[in-house]
Amino acid sequence: MKRVLFDENIPRKLRLDLPEYVVRTVQEQGWGTYRNGELLRRAEESFDVLITADRRMQYQQTLSNRAIGIVVLVTPRLRLQTLRTAVAALRSAVAAVKPGEVVHVHVGMRAV
């Protein structure tokens with residue numbers, strides 16, 4: 001079973017839509033004060049996937065050598081209702097993402 005970490009910008013209740021995964025949040029881990037580099041270093045020790053809405057992370061960090069996959073939610077709104085419209089795509093992305101890979105899930109908008 002994949003272990004998933006929600007970045008601090010992801011609504012906690014979204015975990016209810018991912019019952020097939022073990023989901024924790026950055027806050028639950030006590031990692032809310034860490035910047036992306038330190039967060040990724042800690043996360044890759046215990047998690048398989050990080051779900052975030054931070055689109056800049058892939059440009060600010062070298063991710064290809066990381067032991068964790070990143071799923072980026074590309075959305076105009078981080079509201080739970082909006083995110084739930086893309087749960088099937090999110091599940092597929094979490095299942096498919098490999099360590100060092102970034103997968104984008106477009107929510108509530110057309111893919112670019």
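The buried residues of helix α5 pack against β1, β3 (49–52), β4 (69–74), α4 (80–84) and β5 (102–106), where helices (H or I, at least four residues) and strands (E, at least two) are DSSP runs numbered from the N terminus. In α5, which spans residues 87–96, the buried residues are V87, L90, A93 and V94. Seen down the axis of α5, these residues fall within an arc of 120 degrees, so they line one face of the helix; the arc is that of the directions from the helix axis to the C-beta atoms. Buried here means under 20% relative accessible area, with a 1.4 Å probe and protein chains only.

The model is predicted, so that local features need pLDDT of at least 70 and side-chain atom pairs count only at pLDDT 80 or more, while totals for chains, interfaces and linings use all residues. Residues are numbered from 1 along each chain as its sequence is written, and side-chain values use heavy atoms, with hydrogens and water left out.

Two loop residues can be set side by side. D7 lies in the loop between β1 (3–6) and β2 (22–25), whereas V97 is placed in the loop between α5 and β5. The table lists their accessibility and their contacts, a contact being heavy atoms within 4.5 Å; residues up to four places away in sequence are not counted for D7 or for V97.

| Residue | Relative accessibility | Residues touched |
|---|---|---|
| D7 | 6%, buried | V26, L39, L50, I51, T52, D54 and M57 |
| V97 | 5%, buried | K2, V49, G69, I70, V71 and V103 |

One of the residues touched by V97 is V49, which is 48 residues apart from V97 along the chain, with 7.6 Å between the two C-alpha atoms.

As for the whole, the protein chain has five helices and five strands, and from the N terminus on its elements run β-β-α-α-β-α-β-α-α-β. Buried residues make up 43% of its 112 residues. Of the contacts in the chain with a separation of 6 or more, 57% are between residues 24 or more positions apart.

The radius of gyration of the protein chain, taken over C-alpha atoms, is 13 Å, which agrees with the value near 13 Å that a compact globule of 112 residues would have; the globule rule is 2.2 Å times the number of residues to the power 0.38. Taken along the principal axes, the C-alpha atoms fill a box of roughly 30 × 30 × 25 Å.

Terms used: Buried < 20%, exposed > 50% of the residue type's maximum accessible area, 1.4 Å probe, protein only.
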